[in-house]
Amino acid sequence: MSALLSVEGLVKRFGTGRGERTVLDGLGFDVHEGESLGLVGESGSGKSTTIRCVVGLERPQAGSVVYDGLDVRRLTFAQERRFRSEVQMVFQDPYSSLDPRMDVGTIVGEPLSLQRGISAAQRRDRIVEALEQVGLDAQQMRRHPRSFSGGQRQRIAIARALVTRPRLLICDEPVSALDVSVQAQVLNLLKDMQRQLSLTLLFIAHDLAVVRYLCDRVIVLRDGAIVEEGRREQIYGAPQHPYTRELLEAVPRADPRAERERRARRRAADPTTEEGNRA
């Protein structure tokens, strides 16, 4: 399986002098063609900064990002158009990522401005195709985002990302702002789209249960560095790093017996834990 995206030695610092803070510390990983890779970690671990560097919204102090042989930091104008067309993003908040002044057809069709030689009829066909792929009706094209629910808005955002027929879809916490029942619908949609369209998926989340459902391979970030990387079965079945085990232990269990067993293991490992919780 070849690497569609290769990130190597990323260093990103914010601030200057004594206030300087290192957010990414030599980060490197590959995303292989056709796979779904999950990037997980707590808030402040560097997940979103990594993605912003990948798509060129932030410029790292060191390191490289290579997409299908193209150095993302040194794209020509033509290469930039190709990159923006083939790499699309779905953002966290469907309420702020959609322009309330635009109707759905305009929102979904906006990325097509990157592609030359598309007629008005072809543009409309592509918009209709993208809407239908995410389970929305073409008759809804003239409505505005305010008339849709949160889950429907995220479907619109996904349709906008799919309209250029991308190879790599980057999802930055795309379900964290949604109700749990709606999260499942959007995750199922993303899983179906990846399979049907042969997408490569880079999925960023702090929710390990979500990543377990969606991703083939998992990278665990802490303080801007990778502490563990492996196949889903390895990370969730036999985690090697203490931080990974901490993250997994913090995931609530739906099964009461499993939850009691988890608490018993925590008490055995650290007898002060339960005492502190009761205090």
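Modeller: A polar contact of 3.0 Å joins the side chains of Gln-115 and Arg-126; the term denotes a pair of N or O atoms within 3.5 Å, where within protein one must be able to donate a hydrogen and the other to accept it, and residues adjacent in sequence count only if both atoms are side-chain atoms. This is a predicted model, in which local features need pLDDT of at least 70 and side-chain atom pairs count only at pLDDT 80 or more, while totals for chains, interfaces and linings use all residues. Residues are numbered from 1 along each chain as its sequence is written, and side-chain values use heavy atoms, with hydrogens and water left out.

Biologist: With the side chain of which residue does Gln-115 make a polar contact of 2.7 Å?

Modeller: Gln-115 is placed in the loop between helix H3 (104–109) and helix H4 (120–133), where helices (H or I, at least four residues) and strands (E, at least two) are DSSP runs numbered from the N terminus. At 2.7 Å, the partner of the Gln-115 side chain is the side chain of Ser-85.

Biologist: How are the rings of Tyr-67 and Phe-83 arranged?

Modeller: A search of the whole structure finds one aromatic pair. Rings of Phe, Tyr and Trp (its six-membered ring) pair if their centres lie within 6.5 Å, and planes under 30 degrees apart count as stacked, over 60 as edge-to-face and the rest as tilted. The centres of Tyr-67 and Phe-83 are 5.6 Å apart and their planes stand at 75°, so the pair is edge-to-face.

Biologist: How many residues apart in sequence are the parts that this pair ties together?

Modeller: Tyr-67 belongs to strand E4 (residues 62–67) and Phe-83 to helix H2 (residues 77–86). The pair therefore ties together parts whose separation in sequence is 16 residues.

Biologist: Is Tyr-67 buried or exposed?

Modeller: Buried means under 20% relative accessible area, exposed over 50%, and partly exposed in between (1.4 Å probe, protein chains only). The relative accessible area of Tyr-67 is 0%, so this residue is buried.

Biologist: Which residues have the most contacts inside the largest nonpolar core?

Modeller: A nonpolar core is a set of buried Ala, Val, Leu, Ile, Met, Phe, Trp, Tyr and Cys residues joined through side-chain atoms within 4.5 Å. The largest has 49 residues, and those with the most contacts inside it are Val-108 and Phe-203.

Biologist: How many disulfides does the structure hold?

Modeller: A disulfide is a pair of cysteine sulfur atoms within 2.5 Å. For the whole structure, the number is zero.
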